[in-house]
Amino acid sequence: MYTIGIDIGSTTSKCVILKDGADIVSKSLLLGGIGTAAPARSFSEALEAAGLKETDLNASAATGYGRNRWEGADYQISELSCHALGAHHLFPDVRTIIDIGGQDAKVMALNSKGRMQNFIMNDKCAAGTGRFLDVMALVLQTPVSEFGRLAAGSAEHARISSTCTVFAESEVISQLANGVGLQDLVAGICDSVAARVASQAKRLDIRPGICMTGGVAMNGGVRMALEKELNAEISVSPLAQYMGAIGAALYAYEKAVHN
Ligand code: ADP
C-alpha cells in the first residue's frame, strides 16, 4: 500500500511516499510554499521518483500552513500532529520536539506513546524562526546551509543584542562594518535564534528525548546553541525537514488501513 504526505509550508513544499506505512520510497523538497507551484511540482516529483502514478496511491494527507489549499487530499491534518507522528516513528523515545520552520517555531511535549500533550508556538515574531536566519543570510550573502560549518569555526561568538529582526539586521550590518568576522557573526546569529526558542521551550516541561525537526534543524549552529541553552542532547534526523510530510503519510496509512 502506498500513501503520500504533502507538507505545504510557508517557504518550502515537501512530499514523502511511504510503502506500507514504513519504508520511504521517495521524497521531494522544493523551495516555494503556499501560493506557489511548488506543492504540485513536489507531488509530481515524488511520484516520478517512486515510479508510481497518482492512481497507485491508496491515500493522501496534506499538512502544513497551506494544507487547506491542497485540493484532492483524502485527509488534512495539523503539522503539530504530523511532526509528533513522524518524530515518534523515527525516534520512538522522543518526548520533546522543537520544530523551527521558515516562519514559526513550535515546541511540543509528547507522552511515551508519541501523543502530543502540550505545545507552545511562536508565529508572531520572525526572531526565533528560519525567517530571521534567512534575512541574515541575505545580509551576509552567505547561504543558511553554510551557517553550521561557519558557526563551528567561530573563536568568539558575536553578541546580537536586538531581539527584533529589523534592529538585529542593522546591528549585524554595523558589526560587519566594524570588522567582526563572518564566522563570529554567524555564530552570534545562531545563538540569538537558539536563545529565543529556548526561552519558549522552557515554558513547557522539557523532558529528555529531545528532537529537532523543520528546516532549521539542518543548521548545526542553531542546534549546538540550543543544546547549550537547554543543557541537553538534541537528536536530528537527516530527514528533519521532511518530518511533517512523513507524519502525514503515516496518518494517511493509518486511516487507509482502518477504514
Ligand atoms: P516551512 O515548512 O515553514 O516552509 P521548513 O521547515 O522547510 O519551513 O524550514 C525552512 C527554513 O529552514 C528556512 O527558513 C531556512 O532557514 C532553513 N533551512 C533550509 N534548508 C537548510 C539547510 N540546508 N541548512 C540550514 N538551514 C536550512
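1. The expected span of a helix is 1.5 Å times one less than its number of residues. Helices (H or I, at least four residues) and strands (E, at least two) are DSSP runs, numbered from the N terminus. Helix H8 (residues 243-258) has 16 residues and should span 22 Å; its end C-alpha atoms are 23 Å apart, which agrees. Its buried residues include Met243, Ile246, Leu250 and Tyr253. Buried means under 20% relative accessible area, exposed means over 50%, and partly exposed lies in between (1.4 Å probe, protein chains only).

2. A word on the source: this is a predicted model, where local features need pLDDT of at least 70, side-chain atom pairs count only at pLDDT 80 or more, and totals for chains, interfaces and linings use all residues. Residues are numbered from 1 along each chain as its sequence is written, and side-chain values use heavy atoms, with hydrogens and water left out.

3. Helix H6 (residues 182-201) passes the same kind of check. Its 20 residues should span 28 Å, and its end C-alpha atoms are 28 Å apart, which agrees. Of those 20 residues, 14 are buried, so H6 is largely enclosed by the rest of the structure.

4. Next, the largest pocket. Its volume is about 890 Å³. A pocket is an open set of points on a 1 Å grid over the protein atoms alone, where a 1.4 Å probe fits, with protein on both sides within 12 Å along at least five of seven lines; lining residues have an atom within 4 Å of a point. Grid points are joined across faces, edges and corners, and the volume is the space filled by probe spheres set on the points. The lining has 40 residues; Thr11, Gly101, Gly102, Gln103 and Gly215 lie nearest the centre. Elements that each supply at least two lining residues include strand S2 (12-19), strand S3 (23-31) and helix H2 (79-90).

5. Now the charged pairs. The structure holds 9 salt bridges. A salt bridge is a side-chain nitrogen of Lys or Arg within 4 Å of a carboxyl oxygen of Asp or Glu. Arg67 pairs with Glu79, the closest N and O atoms being 3.0 Å apart. This pair links distant parts of the chain: Arg67 is in the loop between strand S4 (59-63) and strand S5 (75-76), and Glu79 is in helix H2, 12 residues apart. Glu79 counts as buried because its relative accessibility is 14%.

6. Asp99 and Lys106 also form a salt bridge (3.4 Å, N to O). Both Asp99 and Lys106 are buried. A network of salt bridges links Arg67, Glu79, Asp99, Asp104 and Lys106.

7. Glu146 and Arg149 meet in a salt bridge as well (2.4 Å, N to O). Glu146 is partly exposed at 26% relative accessibility. Arg149 counts as exposed, at 55%.

8. Two phi values deserve a look. Most residues other than glycine have a negative phi. Asp20 has a positive phi near 50 degrees. It sits in the loop between S2 and S3 and is partly exposed at 38% relative accessibility. Asn231 also has a positive phi near 50 degrees. Asn231 lies in the loop between helix H7 (220-230) and strand S10 (234-236). Its relative accessible area is 71%, so Asn231 is exposed.

9. Last, Gln76. Gln76 is in strand S5 and counts as partly exposed, at 41% relative accessibility. Gln76 and Pro238 are 162 residues apart in sequence and 25 Å apart in space, C-alpha to C-alpha.
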